[in-house]
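Visitor: I would like to learn how to read a helix face and a pocket. Where do we begin?

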Amino acid sequence: MADAARAARLADRIKVIVAQALERRIKDPRLGFITVTDARVTNDLQHATLYYTVYGDETQREDTAQALESAKGILRAEVGKNITARLTPTLTFVADEIPADAARLEELLRTAREKDAQVAEQAQGAHYAAGEDAYRTAEDDDAAGTENTSQA
């Protein structure tokens, strides 16, 4: 079993090899504007998972997934030629959900900023029900204590 550092170096190398092969060797018209965002290799160097994003709509994403699945053999052969491992890892392609998650978070942050602005707008004309300092202080307790002793 290889160490995690070697697996990480191999993953980086595989990511570069696959990205270059997609650019130069794969001529599938279904392949959209694709970016390989990350690669992970198991510690035994047997399996590699490649994460990718596709610029475009849902049909282009589906077409790209099919193109990657059909080109998996060519890409694995290209990886095998360019790495120095005894075994060539199997390749698995996974669509990266980070851009969609980032867009959803941006929408949530925009909504939160709008609500904060509404609250700030409402707070401008507001007055405190019991004054600005509604809590009892030591001075208040002292003043109440002296009033009680003077009444007795």
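Guide: Begin with burial: the buried residues of α2 are Thr64, Ala67 and Leu68. Buried means under 20% relative accessible area, exposed over 50%, partly exposed in between (1.4 Å probe, protein chains only). Helices (H or I, at least four residues) and strands (E, at least two) are DSSP runs, numbered from the N terminus. This is a predicted model, in which local features need pLDDT of at least 70, side-chain atom pairs count only at pLDDT 80 or more, and totals for chains, interfaces and linings use all residues. Residues are numbered from 1 along each chain as its sequence is written, and side-chain values use heavy atoms, without hydrogens and water.

Visitor: Why do the buried residues of α2 line one face of the helix?

Guide: An α-helix has 3.6 residues a turn, so residues three or four places apart point the same way. Seen down the axis of α2, the buried residues fall within an arc of 100 degrees (taken from the directions from the axis to the C-beta atoms), so they line one face.

Visitor: Which residues are closest to the centre of the largest pocket?

Guide: Rolling a probe the size of a water molecule over the atoms shows where empty space is left. A pocket is an open set of points on a 1 Å grid over the protein atoms alone, where a 1.4 Å probe fits, with protein on both sides within 12 Å along at least five of seven lines; lining residues have an atom within 4 Å of a point. The largest has a volume of about 280 Å³, the space filled by probe spheres set on points joined across faces, edges and corners. Of its 15 lining residues, Thr53, Val54, Arg61, Asp96 and Pro99 are closest to the centre. Two or more lining residues come from each of β1 (33–41), β2 (47–55), α2 (58–70) and α4 (98–124).
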